[in-house]
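Subject: Model handover and findings

Hello,

Please find the model for your review here. My notes come after it.

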Amino acid sequence: MTDTNALTMDAPVENSVLDRGAQGVIGKALDRVDGPKKVAGKATYAAEYALDNLSYGYLVRAPFACGRITDIDADAARRLPGVLDVITDYACFIRNPAQGNDTEAPEQGVREVAYFGEPVAIVVAESYEAARDAGEAVRVSFEPGEGRFDFDGRLDEAEQPEDGVAPAHFDQGDLDKAMAEAPHRVDAVWTTPSQNSAAMEPHASTACWDEDGLTLYGAYQMPASDRQQLADALDLPVEQVRIISAYVGGGFGSKLGIAPESVAAALAAKKLGRPVKAVMTRQQVFDATVRRSNTHQRIRLGADAEGRLNAIGHETICSNLPREDFFEPAGIGTHFLYGGANRRITHDIVRMNRLLSGSMRAPGEAAGMLALECAMDELAEAIGLDPVELRKRNDPQADPEKNIPYSTRKFTQCLDEGAARFGWAERNRTPGDRRDGEWLIGHGMAACCRSNMLMPSEARVALTPQGVAVVETDMTDIGTGTYTILTQIAGEMLGLPADRVDVRLGDNRFPPGAGSGGSFGAGSSGSSVYLACQALRRNLAEAMDCDEKDLTLKDGEAVAHNRRVPIEQLIGHGLDAHGRIEPGEMEKKATQASYGAHFCEVAVNAVTGEVRVRRWLSTFAAGRILNEKTARSQCLGGIVFGIGAALTEELVHDARNGKVVNRDLAEYHVATNADVPQIEVAFLPERDPDANPLGSKGIGELGISGAGAAVVNAIYNATGKRVRDYPVTPDKLL
Ligand code: MOS
């Protein structure tokens, strides 16, 4: 019989079983349990499922940016060797399957196109090469429409969207008046470009139908909600869709929802009566999935003589396709990071014929802190105050907008600890003062924050008669370490070594997990595993005839009242339990976020404008650290992406048609090894009982927040140049 242990987070959870530390594996830098499989090529990624009788799909795209398709001529393509079919049904190519819009199909092959390269057909053939070759022979006729490709010239057309994860518009007090009265002010505009998630693994789906319905093998961050999206897109009952996504080669937001290849593969497989594998090319990943929107951000800060903020304005504009309701929530961190009575934080959308925009690597904070944290640096300079001190003076005691407390917030401790470890007191004080040959040396810092979220999540944990814990949830591991931390949680709770815990993920046959997104994956799925294990502990305590709190489980043994029993002897024919966590009142009772501080040293070449980041230290406070190594790796990744955002990363749109020009990893420059110095990361000890039973907070998207601003502030400190247009490429510094 399955025991369900459900918890709604309506109150703080104190005295976690994890605090007893019987096993001592929680928090440890355990190597990835899936590492050996990955390096041996035995972890199956999206494009690697080898089904019998497989056929191959290739997406054909619109050769224009905006208008109406009048005809798709696939006759020549169909006659090519190995070609099985060309499918042009409108329903395959829902622009944003995740949002289910544009689903009505007027007539076969006739449809509106809203961005250059939008998928419009799929060729299916006996080989991928044959499908790709035939794709070139498909002719698309169209009536061009009037496209909107200019962002800067259309700012005054920006529309207020519906509220999203952040309110679209927020006003408190009188910002204009407070600005007018402030003795110290900053009022400037920062711009950030479109970006691409740039996961290593391209999107791929293998679709296969049988009497139970559709099975889709692919790369998904959120199998539970992706399954629902797929069912909606295909008009199927959700029980007839099964997603399998055991290993994901990076997501960064691009695999939160389903992408065009999944629906196309599913429909093609149904029509052909055989499995279809559709793999997107690298170029298609860049120009036919999803982007982070470019942004235009006006920041206004007004402070008194001591540097206390009385005015904070953060007015942001992003771009998206007509009718899409997602906006880049660039002001989200500004809501809770600093105090100040008079506030205005807005998000508007300019409608453009550019690739769909959506969530990518810390949507909101990643882009917004590039502006806010440079503005804070400018304010510190205007006042003549240490930028660390300015931030500390604006650390409010409670949420500045909601009249509720913060959950644990070690923000000022992150600032102090980071400044001490980095040697901030020894920093360069005046731009241009410090030189190393032709290199100008500068130091910069920025604050870091990321809202914490909890999502509903379920898991099953079974103890086999052999004393192995089998953990099952359709949560994913997108390279983040889920397999490893769930192994540690179950191991700690049940007193088992890692090799007696078997974590199985990414299959809709398992209980619906939180999925990997929004930095909520570890805390949410980990809590559901914790709760299932807690139920098993009660069962084991009963078998030991003791209270759960008096039971110690360690090294495969149960210990209570001077009895020591191998747990196999308590399990009988097997035990299993179900855990379920749900968000509750706590998210309204306390503002929850993770915090940090970045410090860096850059060298800027006075002759060429080249920037090298030479030294980096960051501190973070994110509740309980579940695994010191995987957590650190998450932070390193975020910082690396921050360096890229500051210096190189930019998705370039052709001004004539919005087409993505740099469509591969050679031309789209994420920071790589040679761009990144040794990075030091320090975690402050913390438990957040308001967040979840683990006391952990989100860490996946924390490191990127503010990181790019630290680089740009250091560039100013080196050169005296304030560049407010990201990325800060050498041409902007000369
Ligand atoms: Mo994240 S952008 O929620 O994968």
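Below are the notes, from the whole chain down to single residues.

First, the ground rules. Residues are numbered from 1 along each chain as its sequence is written. This is a predicted model, so local features need pLDDT of at least 70 and side-chain atom pairs count only at pLDDT 80 or more, while totals for chains, interfaces and linings use all residues.

**Whole chain**

The chain has 17 helices and 30 strands. Both are DSSP runs numbered from the N terminus: helices are H or I with at least four residues, strands are E with at least two. Along the principal axes, the C-alpha atoms fill a box of roughly 80 × 70 × 50 Å.

Of the 734 residues, 58% count as buried. Buried means 20 or more other C-beta atoms within 10 Å of the residue's own; exposed means 12 or fewer; partly exposed is in between; C-beta atoms are placed from the backbone. Take the contacts between residues at least 6 apart in sequence: 82% of them join residues at least 24 apart. A contact here means C-beta atoms, placed from the backbone, within 7 Å.

**Helix pairs**

Two packed helices are described by the angle between their axes and the distance between the axes. Axes are lines fitted to C-alpha atoms, for helices over the stretch in contact, and angles run from 0 to 180 degrees between N-to-C directions. Angles under 35 degrees count as roughly parallel, over 145 as roughly antiparallel, 65 to 115 as roughly perpendicular and the rest as oblique. A crossing is right-handed if the near helix is turned clockwise from the far one by less than a right angle, and left-handed if anticlockwise. For residue classes, Ala, Val, Leu, Ile, Met, Phe, Trp, Tyr, Cys and Pro are nonpolar, Asp, Glu, Lys and Arg are charged, and the others, Gly among them, are polar.

*α5 and α6.* Helix α5 (residues 223–234) and helix α6 (residues 260–272) cross at roughly 55 degrees, and their axes come within 11 Å. That makes α5 oblique to α6. The crossing is right-handed. Leu230, Ala233 and Leu234 of α5 meet Ser262, Val263 and Ala266 of α6. By class, this contact has 5 nonpolar, 1 polar and no charged residues.

*α11 and α12.* The axes of α11 (residues 482–494) and α12 (residues 521–544) are 9 Å apart, at an angle of about 25 degrees. The two are therefore roughly parallel. They cross in a right-handed sense. The contact includes Ile485, Ile489 and Met493 of α11 and Ser525, Val529 and Arg537 of α12. Its residues divide into 11 nonpolar, 5 polar and 1 charged.

*α15 and α16.* Here the axes are 7 Å apart and the angle is about 50 degrees. The pair is therefore oblique. α15 passes α16 in a right-handed crossing. Among the contact residues are Gly638, Ile639 and Gly642 of α15 and Gly708 and Val711 of α16. The classes are 8 nonpolar, 3 polar and no charged.

**Loop residues**

*Gly623* sits in the loop between β29 (611–621) and α15 (628–647). Gly623 is buried, with 27 other C-beta atoms within 10 Å. Leaving aside neighbours within four places in sequence, its contacts include Thr408, Glu686, Arg687 and Asp688.

*Val238* is in the loop between α5 and β13 (241–244). Val238 is partly exposed, with 15 other C-beta atoms within 10 Å. Beyond four places in sequence, Val238 is in contact with Arg227, Gln228 and Ala231.

**Backbone points to check by eye**

- The peptide bond from Tyr726 to Pro727 is cis, with omega near -10 degrees. Pro727 lies in the loop between α16 (707–719) and α17 (730–733).
- Asn15 has a positive phi, near 55 degrees, and is not a glycine. Asn15 counts as exposed, with 10 C-beta neighbours inside 10 Å.
- Ala362 has a positive phi too, near 60 degrees. Ala362 is buried, with 31 other C-beta atoms within 10 Å.

Best wishes

Methods: Contact = placed C-beta atoms within 7 Å.
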